[in-house]
Amino acid sequence: MVGSFDAFSFLSVVFRLLLAALCGGLIGFERSKKDQPAGLRTYTICCVAAALATLTSYYVYEMLTAVWAEGESLKFDGSRYAAAVLSGIGFLAAGSIVRAAHQQITGLTTAIGVFVDVCMGIAIGAGFYAAVIGAFVMLIIVFDMMGHFEGAFKRRTRNLTMVVSFEDILDLDTITEAIRNYGAEIYEFDLEETGEGNIRSAVIWTKLPKENTSHSLFLTAIAQMPCVESVQELIA
Amino acid sequence: MLHFLDPFRGVDTLSVIIKLFTAVLIGAAVGLERSHKNKPAGVRTHMLVATGAAIASMTGLFIQLATDMPSDITRISAAVISGLSFLGVGTIVVTKSYNVKGLTTAAGLWASGIVGIAAGLGFYEGAFLAGALILFSELSAGFFRGLITHEPVYNVEVLTRDKDTMAKVMRVLKDHHVSISNLKMIFTEVDGEPYYLSQVHLKIRSDSDKEKIYSQIASVEGVEQVLEIEQIK
């Protein structure tokens, strides 16, 4: 009656749901530390619910053969709940992607994090423990360590994104010429919609010269120009 | 499975009543914490979601067991999950400072639906356990919050005269392991004298270090003034 871990039994149901709460909770705890909108509760809820959905599919199959005695119904597809859960969490996650100022997109990591959390929950519900261990380790590495790595990398890179504000639209030519004289390369620039008054602003993607990769020196040089109101570096 | 519950997993009247009660109960449990924090979706909303989902999955089961029409038990309830996600997106709000609010509430509603589906099919073990785990996680979040130490981020303004000064300041900050982001620089002239006004976000370890860092910045040659504007986090 109680059964083993692998087969669908009361013990495995209890174990898998507890495991889902544990894994989701640990990842969520990790994200809570970084003040993310999706924290401990969101990750735990999503993981447990996804595991429950998969377990429900197993439950229905067992009931069809044992209790309700319909035989293996030809139309029953055990993966339908898991598929619906995934497409559903995709919508929810999309709601957390934000289009911020200066053409910055933020919240993508949160969205994908919740999505992967649900994927992990589905694997737990199915009893696919090998995949769960792998996924959990990967998530911890990505969320915990990659953040520092990526931040440090971005600060040292030669690519710099900034938003420059100025008064006259013709100043943009002066600014781009000054950037080129500095030795930097311009990938792209984008004039933004007018803000308050007659202050215009533009987002410029540049590549700093090899000889001088200091972000602050470059920004100081741009700020020094008389036509420039302000300059701000954008780090995604 | 707990086979003593088997008589109550069908679509006879008694089973239906028990299943609906289960759905309402667990929905209420999940919604209790949200209501306590005055979130837009309270106890009633979660109960409604769970009950609706239970009815949907019960109907799917009924069509399979009591009628001759060929069908898939899970199709109706799977559509419930997708539909709830649409609803969930509608409750997510992005504030003016580009913060996302309501994600946990949306996830809670979505989970209530899944628990309701399980209850409607008679999967009492899973529904109760999942509901208990969700409730436990919502209640224990307060406990865990005490364990989480946030590193505060301050918006600091530095006034300098030389164009090289800011680079020196950056080096000093790096030596003290202060995380720098969002550097904004404005060039102004006061009485014909050039001034660079820099605004930068600093992530400093603890309050005691904060004053030391500020005095370190101020002691760099060329720095006129260091001013903490606000604490962002």
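Mentor: Before we look at any pair, note that an axis here is a line fitted to C-alpha atoms, for helices over the stretch in contact, and that angles run from 0 to 180 degrees between N-to-C directions. This is a predicted model, in which local features need pLDDT of at least 70 and side-chain atom pairs count only at pLDDT 80 or more, while totals for chains, interfaces and linings use all residues. Residues are numbered from 1 along each chain as its sequence is written, chains are lettered from A and ligands numbered from 1 in the order in which they are written, and side-chain values use heavy atoms, with hydrogens and water left out.

Trainee: At what angle do α2(A) and α4(B) pack, and how far apart are their axes?

Mentor: Two packed helices are described by the angle between their axes and the distance between the axes. Here α2(A) and α4(B) pack at about 20 degrees, with axes 9 Å apart; helices (H or I, at least four residues) and strands (E, at least two) are DSSP runs, numbered from the N terminus. α2(A) is therefore roughly parallel to α4(B), where angles under 35 degrees count as roughly parallel, over 145 as roughly antiparallel, 65 to 115 as roughly perpendicular and the rest as oblique.

Trainee: Is the crossing of α2(A) and α4(B) left-handed or right-handed?

Mentor: The crossing of these two helices is left-handed, a term for a near helix turned anticlockwise from the far one by less than a right angle, clockwise being right-handed. By class, the contact of α2(A) with α4(B) has 15 nonpolar, four polar and one charged, with Ala, Val, Leu, Ile, Met, Phe, Trp, Tyr, Cys and Pro counted as nonpolar, Asp, Glu, Lys and Arg as charged, and the others, Gly among them, as polar.

Trainee: How do α1 and α2 of chain A pack?

Mentor: Helix α1 (residues 10-33) of chain A meets helix α2 (residues 40-65) of chain A at about 155 degrees, their axes being 7 Å apart, which means that α1(A) is roughly antiparallel to α2(A). Their contact includes A:Ala20, A:Ala21 and A:Gly24 of α1(A) and A:Cys47, A:Val48 and A:Ala51 of α2(A), and its residues divide into 14 nonpolar, five polar and two charged. α1(A) passes α2(A) in a right-handed crossing.

Trainee: What angle is there between α3 of chain A and α3 of chain B?

Mentor: Helix α3 (residues 80-94) of chain A and helix α3 (residues 73-91) of chain B pack at about 10 degrees, with axes 8 Å apart, and are therefore roughly parallel to each other. One of the contributors from α3(A) is A:Phe91, and one from α3(B) is B:Phe86; the contact comprises 10 nonpolar, seven polar and two charged residues.

Terms used: Contact = heavy atoms within 4.5 Å.
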